[in-house]
Amino acid sequence: KTPKVTARAHTNIALVKYWGKADEELIIPQNNSLSLTLDHFYTDTTVQFDPTLTADQFTLNGQAQKTTKITKFLDIIRQMAASQLFARVESTNHVPTMAGLASSASAYAALALAGSKALGLDLNSKDLSRLARRGSGSACRSIYGGFVEWQKGDSDQTSYAVPLVENLDWDLKMIAIVVNDKQKKIASRAGMQTVVHTSPYYSAWVKRSKEDLLALKQAIAEKDFTQLGKIAEGNAMCMHALNLSATPHFNYFEAESLKAMQLVEQLRDQGLECYYTMDAGPNVKVICQGKDLKAIVDSLSQEFSNEQLLVASAGPGAEILEIK
Ligand code: DP6
């Protein structure tokens with residue numbers, strides 16, 4: 001048996017979104033993206049390769065799962081290490097149960113780190129990011145903490161994330177408003193594929209995301225919260241506009257999502273600075289500064305229950321917790 005390795009990776013929220021692939025097999029994106037790794041939502045994964053196993057095994061939160069995707073991913077690691085051993089993979093998602101925020105980003109970042117280490121590969125962060133990317137694009141960013149840019153590149157070798165500011169000296173907060181925890185209607189993989197192939201606005205998105213990325217990097221360098229918030233909110237709505245313009249069109253908005261966004265706009269009119277973003281699901285994520293957190297949460301809790309409001313700050317990169 002190989003050593004039994006446990007790794008932890010945190011989820012991340014994109015401020016300039018990844019939405020569309022140039023290469024679907026290798027997961028090479030059409031545009032660079034920029035995210036903030038979060039502290040409160042993470043996945044712990046333990047991997048051990050074992051010659052007595054005749055197939056991979058995978059449990060999530062203690063329950064046996066299908067192994068198709070995991071096996072495809074482990075095959076990449078096995079190939080790198082020239083190994084034919086099957087593995088036992090145990091994952092625990094530390095995301096409040098009703099959050100519906102469980103993310104493939106933390107999952108594949110933790111699996112890339114634990115799996116490669118268990119087979120004796122000592123990958124540097126760049127190669128870990130490339131590996132995590134093969135499981136789920138957004139996972140390549142969860143290798144690092146703080147602000148992270150995924151540089152799209154144009155090949156397996158050149159598409160990976162780089163850290164921009166690993167330790168933030170900026171009190172940013174994200175409030176996830178949990179609208180519901182049901183399975184997403186349209187998985188991001190299928191959604192972005194439809195958009196790339198059918199939205200008449202796709203090339204406008206690629207252009208816009210380039211501009212947003214440059215402006216956001218400048219806002220981060222200058223610690224300009226207003227700019228950061230405006231860019232993130234505008235970029236997210238552009239991504240959702242692609243979905244509305246696809247054939248067939250689709251969207252992730254629910255009545256409660258729209259209510260949450262309107263509320264954020266009202267708070268802004270009242271002088272409380274906050275902005276929203278949304279991913280491939282109905283939950284709304286509100287970005288604000290620590291100094292305004294209490295007032296914003298107080299206002300939001302007039303419309304949403306406390307269990308629906310989850311607060312996170314910037315979090316660290318992926319790490320090994322234990323080798324046994
Ligand atoms: C809307 O990384 O889940 O969250 O690469 O197909 O696994 P695959 O997609 P995934 O897409 C994330 C899309 C997003 C935006 C983002 O995180 O950048």
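Which residues in α2 meet which residues in α3? In this predicted model, where local features need pLDDT of at least 70 and side-chain atom pairs count only at pLDDT 80 or more, totals for chains, interfaces and linings use all residues. Residues are numbered from 1 along each chain as its sequence is written. On the α2 side the contact holds Y108, A109, L111, A112, L113 and S116, and these meet L128, L131, A132 and G135 in α3, two residues being in contact if their C-beta atoms, placed from the backbone, lie within 7 Å. The residues of this contact of α2 with α3 divide into 8 nonpolar, 2 polar and no charged, where Ala, Val, Leu, Ile, Met, Phe, Trp, Tyr, Cys and Pro count as nonpolar, Asp, Glu, Lys and Arg as charged, and the others, Gly among them, as polar.

The geometry of this pair can be followed along the axes of helix α2 (residues 104–118) and helix α3 (residues 125–135), which come within 8 Å and cross at roughly 125 degrees; axes are lines fitted to C-alpha atoms, for helices over the stretch in contact, and angles run from 0 to 180 degrees between N-to-C directions. The two helices, α2 and α3, are therefore oblique to each other, given that angles under 35 degrees count as roughly parallel, over 145 as roughly antiparallel, 65 to 115 as roughly perpendicular and the rest as oblique. Their crossing is right-handed, a crossing being left-handed if the near helix is turned anticlockwise from the far one by less than a right angle, and right-handed if clockwise.

Helix α2 also has a contact with helix α1 (residues 68–81), and the axes of α1 and α2 come within 10 Å and cross at roughly 35 degrees. Here, too, α1 passes α2 in a right-handed crossing. In this contact F73, L74 and I77 in α1 meet Y108, L111, G115 and S116 in α2, and the residues divide into 5 nonpolar, 2 polar and no charged.

The crossing of α5 with α6 is left-handed, and the contact is made by residues including W205, R208 and D212 of α5 and Q227, I231 and N235 of α6. By class, this contact of α5 with α6 has 10 nonpolar, 3 polar and 2 charged residues.

The loop between α6 and α7 (255–269) holds P248, and the peptide bond from T247 to P248 is cis, with omega near -5 degrees. Another backbone feature is found at I27, a residue other than glycine whose phi has a positive value, near 55 degrees; I27 lies in the loop between β2 (21–23) and β3 (28–29).

Around the ligand there are 14 residues, of which the closest are A14, Y18, S136, G137 and S138, a residue being near a molecule if its C-beta atom, placed from the backbone, lies within 6 Å of it. This shell divides into 5 nonpolar, 6 polar and 3 charged residues.

Taken as a whole, the protein has 8 helices and 14 strands, helices (H or I, at least four residues) and strands (E, at least two) being DSSP runs, numbered from the N terminus.
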